[in-house]
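Subject: Structure handover

Hello,

Here is the structure you asked to look at. My notes on it follow below.

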Amino acid sequence: MQKIKEKIIEFILRATALITILTTIGIIWVLLSESLVFFKEVSIIDFLTDTQWTPLFANKHFGILPLISGTILTTIIAISVSLPIGLTIAIYLSEYAPKKLKKFIKPLLEILAAVPTVVYGFFALMVVTPFLQKLIPEMAGFNSLSAGIVMGIMIIPFISSLSEDALSAVPKSLREASYGMGATKLQTSFKVMIPAASSGIIVSVILAFSRAIGETMIVAIAAGQQPRLTLNPLVPVETITAYIVQVSLGDVQHDSLEYRTIFAAGITLFVFTFILNNISFWIRKKFREEYD
Amino acid sequence: MTNGEKNRLKDSIFKYIGVFACSIGLILLAIFIGNIIYDGFNRIDWSFLTSLPSRKAEKAGILTAWSGSLWIVIFTFIIAVPIGISAGVYLEEYNRKNKLTRLLEINISNLAGVPSIIYGLLGLEIFVRLSNLGSSVLAGSFTLALLILPIIIVATREALKAVPSSIRAASFGLGATKWQTTWYQVLPAASGGILTGVILAISRAVGETAPLIVVGALAYVPFTPKGPMDEFTVLPIQIFNWVSRPQHEFAINAAAAIIILLAITFTMNGIAVYFRNKWQKKINW
Amino acid sequence: MKYKLEAKNIDVFYGKLKALNNINIGITENAVTGLIGPSGCGKSTFLRLFNRMNDYIDSFKLNGDIYIDNTNIYDKSVLVDELRKNVGMVFQKPNPFPKSIFDNVAYGLKIQGINDKAFIKTRVKDALKQAALWEEVKDDLGKSALALSGGQQQRVCIARALAVEPSIILMDEPTSALDPIATAKVEKLILTLKEKYTIIIVTHNMQQAGRISDYTAFFYMGDLIEFDKTDTIFTNPKMERTENYITGRFG
């Protein structure tokens, strides 16, 4: 009797764990099935090469490139903000700060990642853009610069925390060897610690990239809704995520072509993040073996 | 200046840069929160909390928004927490190092990296349309539950890992079965850590906007949900809606609503950190 | 006779724990001084006082003075990085940087801001020769130091320390991670190095101390039990504890 009960319980537990697999299958199935219908009507070549994205207009174009460029532009701005700051924090915390300070600052920085993104969107639109417009008068009210900067602030803890872990995982003996040669902490950090922790730092940057690409509300609020193939950070753009929000807010008929565009956009986004996550996964695995 | 002096100078300058980098993000956040409190604090009063949305900014309130958030949080909790803890227990306690476990592990870390808006698309197709739930509280809760599942599973595993194996050995030694050991000994010992993870996950769900927009949560709902099958809006969507309007009065409403949302988020995170510290002290026996 | 290094009335604390107790010692120039004793006796802590490597431990506290060439190295005016250019260190486990052999040996020069490539090349070559490694690696200086064998890695680390021309080299059980053949090579190397350098070596291995050191200090539980010429320590120790340890009755 007891044995049967144990078996049943284990079965239930396993079933709940398998829900996570079902989720993945569900995501891929939903994205694929709707996109496949979409690609029956729109050629995949047009989708990947047309430079205009106007599915909601009378003159319809289905080129994803403008959405990709908007996404990458905001992401690059975000990374250029968060990488130097995050890496500096990581070095400071692992090489300079006393242990007590480190214990205090790390959770404090996590607050940056805990703030709801819609709040950051407000910040970008209502505070950062007006401030930047004073410096750059020709800047538009919606632009990728403000959105990118604010997104960068949000992902600082992603980079600082994972990079700090990577630096702390470097064997202490390397640090001592460098100090023993008369190197300063700064020299030790940049000439020994960062190269030795490089794979972990790269992982942190890739994950931050993936996070920024998938970020939605900041760009939906502050970057605009104008798909545009541009690298100009001062004008409105639209990201993949912002487009999905735009369509979701509107009155689009289910089973229409317009409706399926969000799945085509979604699968593009999913492919990007999936590749990035797996690269980071692969590097991490390799890196772990290195130090074992 | 000798090279040594230069290096020492650079070194001490970097120390200040490090302090600056640590504080810049927090300082900006503080400025911003100060700004929002300045804008919105006076807008918060009883009628703001108890009024329905309105075309007129000064009459509009967040009643539907916070009650919608409450409905969503309760149902997300009911769905995600048992499944998440159970899956975590399976992976940590019943883990036989086989292919299935490895696949589950890789899969969960991949799911944690899927953008939240993709979960919205999943929810839209599976719950809203195929399951015929419509854009209801239940559809939104299922969607968010899947989104926070990886967080709860990972937190559960971490908490179980911290429980010393001597506890398990002692229980097995008394003839307890695996499940009895897990249920009566291991889970109670890990409860503090699990609780922390659950609170953080729920706090994440409270702040989520994009997936709920995609499953069709409305920007304007003139009533509060009466049941799980009703349509709904949530606090972050209400904020988004107000931010998107050009009139300044709505921005003030948004600021006021943000104060409420941040108060909820920070309180939950604070409680989570409190439990974590308390529990970590206890687990170091 | 004047000593190269001197420790006077040294007490070391880690928090409340007293790790070294009133140590007085003088170390002779161009000789090998061995520090022996069971693990946890404080010999490594003592070695690390001479290049202030203990400074990074939060709870570390020192009473007493350490002199190198009659300068108190714990004086506020002493610059730690300058001190370490004069006092090289070789660690327990080979710890080459994940860089090429050349870059490892050139590291100390580069961090001093030396850019003269020809000069660096000569120094690297000299250091590798002194470390008895030149013949083995001269053709692949660009190879990662991590690809070398353990014994070669340790000699890279020795060359790395020699390249900046210190006058003192501290060695913290430098052969404990090496096989007997590599150990023999490093020991032979140490004997040639003492002509130019003052060497202090911590060792676990009594026979090693007997083979290579001119002076031997025996530590036990934070106390310096006996310090004398190696011959005396090994053949005619004054203290019973020393004799017990050396003859292997405990340790």
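Which residue of chain B forms a salt bridge with Glu82(C)? The partner is Arg8(B), and the closest N and O atoms of the pair are 3.3 Å apart. A salt bridge here is a side-chain nitrogen of Lys or Arg within 4 Å of a carboxyl oxygen of Asp or Glu.

Before the rest, some housekeeping. This is a predicted model, in which local features need pLDDT of at least 70 and side-chain atom pairs count only at pLDDT 80 or more, while totals for chains, interfaces and linings use all residues. Residues are numbered from 1 along each chain as its sequence is written, chains are lettered from A and ligands numbered from 1 in the order in which they are written, and side-chain values use heavy atoms, with hydrogens and water left out.

Chains C and B

Six residues of chain C and four residues of chain B make up the contact (heavy atoms within 4.5 Å). Between them the two chains bury about 380 Å², with 33% of that on carbon and sulfur atoms. Buried area is the accessible area (1.4 Å probe) that two parts lose on being put together, summed over both. On the chain C side, Leu79(C), Asp81(C) and Gln112(C) lose the most area to chain B, together 57% of what that side buries. Two salt bridges cross this interface.

Chains A and B

Here 74 residues of chain A are in contact with 73 residues of chain B. The buried area is about 6,500 Å², 78% of it on carbon and sulfur atoms. Two salt bridges are counted between these chains. One of them joins Glu34(A) to Arg129(B), with the closest N and O atoms 3.9 Å apart. Helix H1 (residues 2-41) of chain A gives the largest share of the side that touches chain B, 21 residues. Helices (H or I, at least four residues) and strands (E, at least two) are DSSP runs, numbered from the N terminus.

The sheet in chain C

Four strands of chain C form an open, antiparallel sheet in the order E2-E1-E4-E5. Strands pair if DSSP finds at least two bridges between them. E2 (17-27) and E5 (71-72) are the edge strands of chain C, each with a single partner strand, so one side of each has no neighbour in the sheet. E4 (residues 60-68) of chain C is joined to E5(C) by two bridges, and these strands run antiparallel. Tyr67(C) stands opposite Asn72(C) in E5(C).

Regards
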